[in-house]
Amino acid sequence: MRRHSILVNDNYSLEIPFICQFVDIIRMGETDVKILGELLSDARLSFRRIADEIGVSPPTVLARVKKLESDSVIKCYSAILDHEKLGYDLTAIIEVTSVKGKIAEVEKHIAKFPNVCAVYDITGLTDMIVIAKFKNRTHLSNFVKKDLALPYVDRTNTHVVLISVKEDFRFF
């Protein structure tokens, strides 16, 4: 994993995984940042292994992880799947415009579909962006024409992803 150096104070700089460069060091201690970096690279690491990697005791790692979980910094642990190997060969980015006053209701409905990876409430000409995975064009067509045919959906604009250059939401 690529490393990044952050100046913590005049005498000390911290080497952390590149993905950790965006963390507000003032709000979070360097040990917490290091733990999160290790968990993001492999959430199955034991607390003992993390402790060895970052130079603290296993009870320290346990206590910090429990605190990060109770503060909802760590929401859950999950595997990263290769959707194409599971048969979901298409990714679509769908712009959705809703009837005024019904945006939240439409977003909640769309978010319930298991193939929907993200629903973003956005600014601009459309109200939300939906990112979803599909097995084929028919599956995508049915989703847009039937599943999004809600009374409060005014219009949709679908973009099919040709190549995923990067798709990784593990950063902070």
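Predicted model: local features only at pLDDT ≥ 70, side-chain atom pairs only at ≥ 80, totals over all residues.
View 1. Start on the face of α5 turned away from its buried side, where the exposed residues Thr138, Lys145 and Lys146 sit. On the other hand, Leu140, Phe143 and Val144 of α5 are buried. Looking down the axis of α5, the buried residues fall within an arc of 85°, so they line one face of the helix. Their cover includes β3, β4, β5 and β6 (153–160).

**View 2. Phe143 and its ring partners.** Zoom in on Phe143, which counts as buried because its relative accessibility is 2%, under the 20% cut-off. Leaving out residues up to four places away in sequence, Phe143 touches Ile94, Phe113, Asn115, Val116, Phe134 and Leu148. How many aromatic pairs does a search of the whole structure find? It turns up two. For Phe113 and Phe143, the ring centres are 5.2 Å apart and the planes stand at 80°, so this pair is edge-to-face. It ties together distant parts of the chain, with Phe113 in the loop between α4 and β4 and Phe143 in helix α5, 30 residues apart. Phe113 counts as buried too, at 19% relative accessibility. Ring pairs join Phe113, Phe134 and Phe143 into a cluster.

**View 3. Strand β5, covered along its length.** Strand β5 spans residues 128–134, and seven of its seven residues are buried. In a regular strand, side chains alternate between the two faces of the sheet. Here Met128, Val130, Ala132 and Phe134 point one way from β5, while Ile129, Ile131 and Lys133 point the other way.

View 4. Strand β3 (residues 90–98) runs antiparallel to β5, and seven bridges join the two. To find your place in this pairing, look for Glu95, which stands opposite Ile129 of β5. Strand β4 (residues 116–121) also pairs with β5 in the antiparallel sense, over five bridges. There, Val116 has Ala132 of β5 as its bridge partner. The hairpin of β4 and β5 has six residues between the strands, and Gly124 in this hairpin takes a positive phi near 115°.

View 5. Nonpolar side chains tend to be buried together in soluble globular proteins. The largest nonpolar core in this model has 18 residues, and those with the most contacts inside it are Ile94, Val96, Ile110, Val130, Phe134 and Phe143. Which elements give two or more residues to this core? They are β3, α4 (103–111), β5 and α5 (137–147). Apart from it lies another core, this one of 13 residues, with Leu45, Ile50, Val61 and Ile74 among them.

View 6. Most residues other than glycine have a negative phi. Ser72 is not a glycine, yet its phi is positive, at about 60°. Look for Ser72 in the loop between α3 (58–70) and β3. Is Ser72 buried, exposed or partly exposed? With a relative accessible area of 47%, Ser72 is partly exposed, because that class lies between the 20% and 50% cut-offs.

Notes
Residues numbered from 1 in each chain as written. Heavy atoms only, no water. Buried < 20%, exposed > 50% of the residue type's maximum accessible area, 1.4 Å probe, protein only. Helix = DSSP H or I, 4+ residues; strand = E, 2+ residues; numbered from the N terminus. Pairing = 2+ DSSP bridges. Core = buried A, V, L, I, M, F, W, Y, C linked by side-chain atoms within 4.5 Å. Contact = heavy atoms within 4.5 Å. Arc of directions from axis to C-beta. Phe/Tyr/Trp six-rings, centres within 6.5 Å; stacked < 30°, edge-to-face > 60°.
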